[in-house]
Structures are given as structure tokens and as C-alpha cells.
Amino acid sequence: MIFLGLIGFLVLTDLALKAEIESRDGAEFPKKLDEKGRIVLHKSHNAGLPFGFLKRYQEAVRMVPIITASAVGGILFWLLQRKGHRMEKLGFSLTLAGALSNIYDRITRHYVVDYFSVNWGKFKKVIFNLGDLFIFLGGTIIFLHEVWESLREYGRRKRK
């Protein structure tokens with residue numbers, strides 16, 4: 001049940017930050033959070049999928065994340081009924097938390113509130129929110145875990 005609590009906490013944290021950004025005057029942004037301007041706060045509304053993809057097709061923009069989050073939630077529910085699988089549970093929990101936060105925005109606001117950027121390399125023009133970061137981190141954990149398990153299995157087979 002710790003993973004369900006984690007999901008709730010992460011969703012509420014991201015939604016609280018989005019509400020704070022939305023409550024502020026747009027003239028306050030962009031706002032540098034460090035002296036070198038590497039982390040910048042923004043007030044950005046994304047009516048599409050990542051990078052504004054499909055923003056003209058609002059029904060698809062709402063349905064694709066709902067369908068995807070349903071699949072992630074189903075896999076997580078299946079995993080939660082089994083012992084172990086901690087890394088997978090963590091990865092799917094992070095991914096689901098980010099998805100739920102962004103889905104809430106899509107349903108209530110008809111856009112996702114993005115609020116910070118990292119001015120480094122190719123990331124300079126990318127504005128995102130914690131939900132996006134949770135999705136990325138969760139996917140990375142799942143991917144790395146699968147690679148690790150595949151390498152372990154390969155090592156076992158090779159020893160036989």
C-alpha cells in the first residue's frame with residue numbers, strides 16, 4: 001500500500017505546484033530560481049501532448065493519456081498483488097502519478113500546466129512539470145530494471 005500512498009502524495013504535490021503557478025500573474029514569469037539561470041519557472045499552458053503534439057485534436061489529446069494510464073494502472077494493480085517486484089512497482093507508481101496529475105489538468109482545465117525548465121543543452125526550450133518528470137523517471141526505472149533482468153537471465157543461461 002506504500003505505492004498507492006506514494007502515488008497520492010506525488011499527484012497532490014504536482015497539482016499544488018500547478019495551482020500555485022496558475023494563481024500568479026503571468027508577468028512574474030519567466031523567473032530564474034538560481035543565480036546562473038539554470039532552473040527557470042514559467043507559466044505555460046500545453047493544450048497538446050508533449051511538445052504540443054496533436055493540440056488540434058483535443059479528443060485524442062484527452063483519450064490517449066487516459067487509455068495509457070489505464071494500462072499502467074492495470075499493470076500496477078497486477079504487480080501489487082505479488083510479492084517482490086519493488087522496482088517495477090516503483091516505476092509504474094511514478095509513471096501513473098505523473099499521468100494522473102496531467103490527466104486531471106486535461107479534464108479540468110483543457111490544458112496541462114507546465115512550469116519549469118532546465119537551461120542545459122537541448123533542454124533549454126523544454127518546459128515541463130513534476131508530472132512529466134515522474135513519467136520520465138518511472139519509465140527510466142522500468143527500462144533499466146528490464147535491461148538488468150535481461151542481463152541477469154543471459155548470464156544464467158550462459159553458465160548452464
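Author: By residue class, the lining of the largest pocket divides into 19 nonpolar, eight polar and five charged residues. The model is a predicted one, and the pocket in question has a volume of about 930 Å³. In total, 32 residues line the largest pocket, and those closest to its centre are P50, F51, N102, F128 and D132.

Several secondary-structure elements contribute to this lining. At least two residues each come from strand 2 (39-46), helix 2 (58-80), helix 3 (86-108), strand 3 (112-118) and helix 4. The largest contribution is that of helix 3, which gives five residues.

Helix 4 spans residues 130-159. Besides supplying residues to the pocket lining, helix 4 holds L144, which belongs to a nonpolar patch on the surface.

The UniProt record, an unreviewed entry, places the feature "transmembrane region" at residues 60-80 and 126-144. In the model, the chain over residues 60-80 is 100% helix and 0% strand, with its end C-alpha atoms 30 Å apart. Over residues 126-144 the chain is 79% helix and 0% strand, and here the end C-alpha atoms are 24 Å apart.

Notes: Residues are numbered from 1 along each chain as its sequence is written. This is a predicted model: local features need pLDDT of at least 70, side-chain atom pairs count only at pLDDT 80 or more; totals for chains, interfaces and linings use all residues. Side-chain values use heavy atoms; hydrogens and water are left out. Patches are made of residues with over 30% relative accessible area and no salt bridge: like charges are joined within 9 Å, nonpolar side chains (Val, Leu, Ile, Met, Phe, Trp, Tyr) within 5 Å. Accessible areas come from the Shrake-Rupley method with a 1.4 Å probe; for residues, only the protein chains shown count as cover. A salt bridge is a side-chain nitrogen of Lys or Arg within 4 Å of a carboxyl oxygen of Asp or Glu. Helices (H or I, at least four residues) and strands (E, at least two) are DSSP runs, numbered from the N terminus. On a 1 Å grid over the protein atoms alone, a cavity is a set of points where a 1.4 Å probe fits but cannot get out, and a pocket is an open set with protein on both sides within 12 Å along at least five of seven lines; lining residues have an atom within 4 Å of a point. Grid points are joined across faces, edges and corners, and a volume is the space filled by probe spheres set on the points. Ala, Val, Leu, Ile, Met, Phe, Trp, Tyr, Cys and Pro count as nonpolar, Asp, Glu, Lys and Arg as charged, and the others, Gly among them, as polar. UniProt positions are given in the numbering used here, feature names are shortened, and annotations may be inferred rather than shown by experiment.
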